[in-house]
Amino acid sequence: MREAEIRRLLAANLLCAVSIILAALVPAFFLDGFSVLGTHLTWLCVCSVCVATLNIILHLVLKPSQSPKRSSFAHKISRFLKCCIYFFMSCILFHAIIVLYGAPLIESVTETFLFAVLLSTFTTLQCLCLLGPNVQAWIRVFSKNGAMSIWESSLQITTVCSILGAWFGAFPIPLDWDRPWQVWPISCSLGATFGYMAGLIIAPLWIHWNRKQLTYKSR
Amino acid sequence: MPYTTQVVEKGTSYSFIAEAKPPTVTMPRIKALMTGSIPGFIDVVVNLNSPALLDDNLIWQAKTAGKRIIFYGDDTWVKLFPKHFVEYDGTTSFFVSDFTEVDDNVTRHLDRVLKREDWDLLILHYLGLDHIGHMTGPNSPLVGPKLREMDNILKKIHISLLSKEEASLPNLLVVCGDHGMSETGSHGGSSEGEVHTPLLFISSAFEKRSGKDQRTQPERVQQTDLASTLAIGLGLPISRNSVGNLILPVVGGKTMREQLRFVHLNGFQLSRLLQENTPAYEKDPGYEHFKIAEKSHGNWIKLYLEGNNSEILLNLGKKVLKLYLEALKTLSSSLSKQVAQYDMYSMMVGTVIIMELLLSVPKALSKRAEFEVPLSPPLFSLLFYLMCLMLCAVHVIVCTSAESLCYFCSMSWLTAVGVMMLISALMCVLKPCSSWSEIDVLILAGTIGHVLSLGASSFIEEEHQTWYFSINTLCLVLCQELCRNNFLLKECDPQHCTNVKQNFDSMGETSECKNIDIPAAIDSKLGKATSSSEFIKGSDKWISLATPWIILICCRLLRSLNQTGVQWAHRPDFGHWLTSSEHKFELSFLAAVSLLLIFFLVQRRCSLVSKIAMALGLLGVYSYRAAIGNVTFPWQHGGKDISKGITEARFVYVFVLGIVFTGTKDLLKSQVISADSSMKSTGLWEVYSGLVLLAALLFRPHNLPVLVFCLLIQTMMTKYIWRPLKFDAAQITIMHYWFGQAFFYFQGNSNGIATVDVSAGFVGLDSYVEIPAIFLTAFATYAGPFLWAIHLLCYLSSEVSRNSAAVGHGCFCYALMRSIPVAIYVVLVTGLRYHLFIWSVFSPKLLYEGVHVFITAAVCLFFTAMDQNHSYRVQD
């Protein structure tokens, strides 16, 4: 059963990674002059939308978190609205953190905000899909040894990887190479994307490698 | 400058753009102008105290040729050429806030001198514009009138020279600048504005040209070219070390034969200089060119003497001239590369010493490590003597076999032996390392990241970004740590968790201060925070959670106060907005509020006397700033004349000394009479507050918020993060060091020479006095790191009850944190010494690092003094 689940995880993650690659390549056929560097904002939108829809679809199809009790329609709606609010709040929070890190406050607000949206898609959206708007569960998953299934382990790894990727992405900005990808926020968003993809690929492998040691306590 | 423009447009003049080599500081530039050589970076240090120039130079040549030279202006010249002028009047250039007097001192002699006939050379050095740039920037309203004044002086000189000329030879009027001005009005670096200076030759000997071609961009020449050109123009020998080329258009009015002779002279001098400096000079392309040109020059002379056709002769002459010019250019470029010589042996010795310090890292990370120099063991070990002998042997071999001059060899033998002994002692002290703990590795990784970034010139230029980035990350990690400590209870004990949660909720609603009682039994793993104080008030918990965010916001505000670095330095920032003259009211308000806040943040732990002294001192700071015209009192509406504010500044100095003295007295008392640690911490805090007051006096008014935020962050971190989370001394030290570095850049400093605020050295001084000026400037520049280091001492000594070795351990870590980057940087610079930016980026950074090491050494001495008191007391 464990093996089968790992395989499902791998398939889902590879699907996400492929969708990111497609998001960079496919729009060039429909939109004139589309390129990741040239029309970065468009790419940011396309990439976030792709990853978001794919994540939601995967969540609906695979249902990794079984909710034991059937809930009413109204409850589902309120849950959905809560998720939207949480997502929006996480965008604002990421935006604030990016500005605190030194992004310009007034100029290029769109770029910064779209970058925040991308980061939220890579991190918060997955949490919302998997755990729902439940802060307690979030804190549990992100504290030490808090994961209770391979999906949650994978979530930990991808989230940390995308944030680290964005963090490392800021390094080349002060260099004076005058490359097009050094412009704010291209290097950071590329870093986050590569980090996310690396996380997607590392997570199943890591879980497979450590499957003997991983013991998830169930409640 | 209407008159000058008119002269330039109407002809009888030649204008150029002279490129100065960095460092663009006055003294090296004057040397370059007069000797034609390229001075090294060490001259920046000596800039403050210029010894007489001993190299061969234009002034000396002119004096030996019997020319009478008169000089008025910057007294750097008088120091460089102490006995060369028949008449001089030097003006101290260092009182930067004075705009008019420095120039009046020069101009007042002008009328008298121009009437006289008893001089050959008149040198005037005007300082006003430079001072205006330093104090108020290049866009200041004062610049216009100053330029107009300069124009009038030029007009006066030119007209009087023209009127004199009828009888004698034509005169030459040279207008040039020693260096330019950067975007912020300072200089020292290598930006476009600083490096490009005007060079204008005006003389009736030049032929009048039509107005058309004057509109084109002036030609680029090197600043060093002026020395050769003037020497040839005056008929003097070109000084020996000059690497300049003759600026040909200036002698364009002469006949072809003379022109060729001039360039030949210049080329001969350059090739001789090349012969002296390189063994393989014959293979140098410049030298080969010169030989070819010389040969064709000989042919030309032959033709000329034969009385050949003038047309052919002229064309041939032009060709020879071109050959010569090419040769000159290659010669001087290969010479400029030559001039920087490196002393590998001394570099290696320095590197070894610092590397040995670095290798003791693992020792520092063990918990018990203290900063003490174990003197006795190495003195008795055989290894030590063997090492000494071996190093001395190496020293003798290197020094006797080295052909070129080496700084380390030229030191006295006693010093050299001392250095050897230091190296071998350090070698002996190094012992195999103990194991590293995880968190130490983590922090070291951050440090190593910074150190590696020093290899890239742009990371050095933008080093502030590295530090801002690190402290931001540090804050976020601290935030996560706090969250874990505050919420982990829920994880470990589910039933307790709900309890706590309810408590939180009720607190959020009613804002009651309920106490959360946590049984001491469960504290083993969860929350050092909870165990440290048994009762944590709910509101405190939320404040402590908010602390990292408040600190982040403070840092973001400070970041936009002063834009530094190179790439984004031109961005608008609050600092410029505040200092512009329209926003004087806002600046005054901000300064007043900042001073008030400083008082409130500092006074908590002071005794009553120092509280009063502090309040009066801060009042004095405000009145000092009002006196020199930076800020205004609300009841005062313009019209007050600007003074130097000496009385006010000295008034503040009295209180600074008073507070520091009371602090020291307390410290001594705690050491000698009673073993009271509270007395000691009060004493330390008083010393600290005295230094804060001094910083408040020296900082420009728009930088006062930096001081406020510094105190605020220290207070919050101490209360809500360091105390509850119980970090060990090494971690606290490294956090202090990081914040200190970040505050160094928050103040508006950078790794370029141009951002050093020289005016701080003249607060409360009538004229330039060397020692206090250097001390004050260094303090004002390094106030950030220094205040954080002293705060570290205050904090660690107040924690002595918890960890008795904290101070010693902290000191060791602090010294290491400083020496690691310096060590690696020295190695990197040695490796990169042929890098294109070695003079403009790496060398200033090295200078900053050097001074910082000195300051760290002073701080460490203070630490050890405090710590020895402690250990002495424990022994009792």
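Trainee: What is the bridge partner of Phe71(B) in E3(B)?
Mentor: Tyr88(B). Keep in mind that this is a predicted model.

Trainee: How many bridges join E2 to E3 in chain B, and which way do they run?
Mentor: Five bridges, and the strands run parallel. E2 covers residues 69–74 of chain B, and E3 covers residues 87–91.

Trainee: Which helix goes with E2(B) and E3(B) in the β-α-β unit?
Mentor: Helix H5, residues 75–80 of chain B. The unit is right-handed.

Trainee: And what is the strand order in that open sheet?
Mentor: E3-E2-E4 in chain B, three strands with parallel pairing. E3 and E4 (121–125) stand at the edges with a single partner strand each, so one side of each has no neighbour in the sheet. Neighbouring strands are turned by 5 degrees against each other on average, ignoring direction.

Trainee: What joins E2(B) to E4(B)?
Mentor: Five bridges, again with the strands running parallel. Tyr72(B) stands opposite Leu124(B) there.

Trainee: Switching to charges. How many salt bridges are there over all chains?
Mentor: A search of the whole structure finds 14. Take Glu87(B) and Arg112(B): their closest N and O atoms are 3.8 Å apart. Glu87(B) is in strand E3 and Arg112(B) in helix H7 (residues 110–115), so the pair ties together parts 25 residues apart in sequence.

Trainee: What about Arg116(B) and Glu87(B), how far apart are the closest N and O atoms?
Mentor: 2.8 Å, in another salt bridge. Arg116(B) sits in the loop between H7 and E4 of chain B, 29 residues from Glu87(B) in strand E3.

Trainee: Which residues are linked in that network of salt bridges?
Mentor: Glu87(B), Arg112(B), Arg116(B) and Asp118(B).

Trainee: Is Glu87(B) buried, exposed or in between?
Mentor: Partly exposed, at 23% relative accessible area. Arg116(B) is also at 23% and counts as partly exposed. Arg112(B) is partly exposed at 40%.

Trainee: Where do Glu149(B) and Lys146(B) lie?
Mentor: In helix H9, residues 143–165 of chain B. They are three residues apart, so about one helical turn separates them.

Trainee: Is Lys146(B) buried or exposed?
Mentor: Buried, at 4% relative accessibility. Glu149(B) is partly exposed at 26%.

Trainee: Now the four-strand sheet. What is its order?
Mentor: E5-E6-E1-E7 in chain B, an open sheet with mixed pairing. E5 (172–176) and E7 (219–222) are the edge strands. The twist averages 30 degrees from one strand to the next.

Trainee: How do E1 and E6 of chain B pair?
Mentor: In the antiparallel sense, over seven bridges. Ala18(B) has Thr197(B) as its bridge partner in E6(B).

Trainee: Which helix lies across E5, E6 and E7 of chain B?
Mentor: H11, residues 225–234. H11 runs at about 175 degrees to E5(B).

Trainee: Last topic, confidence. What is the mean pLDDT of chain B?
Mentor: 76, with 79% of its residues at 70 or more. Strand E8 (residues 515–517) is lowest, at a mean of 36, and helix H35 (residues 783–798) is highest, at 90. Residues 490–535 of chain B are below 50.

Trainee: What are the model's ipTM and pTM?
Mentor: ipTM is 0.88 and pTM is 0.67.

Conventions
Residues are numbered from 1 along each chain as its sequence is written. Chains are lettered from A and ligands numbered from 1 in the order in which they are written. This is a predicted model: local features need pLDDT of at least 70, side-chain atom pairs count only at pLDDT 80 or more; totals for chains, interfaces and linings use all residues. Side-chain values use heavy atoms; hydrogens and water are left out. Two strands pair if DSSP finds at least two bridges between them. Helices (H or I, at least four residues) and strands (E, at least two) are DSSP runs, numbered from the N terminus. Axes are lines fitted to C-alpha atoms, for helices over the stretch in contact, and angles run from 0 to 180 degrees between N-to-C directions. Contact means heavy atoms within 4.5 Å. A crossover is right-handed if, with the strands pointing away from the viewer, the path from the first strand over the helix to the second runs clockwise. pLDDT is the predictor's confidence in each residue, from 0 to 100. A salt bridge is a side-chain nitrogen of Lys or Arg within 4 Å of a carboxyl oxygen of Asp or Glu. Buried means under 20% relative accessible area, exposed over 50%, partly exposed in between (1.4 Å probe, protein chains only).
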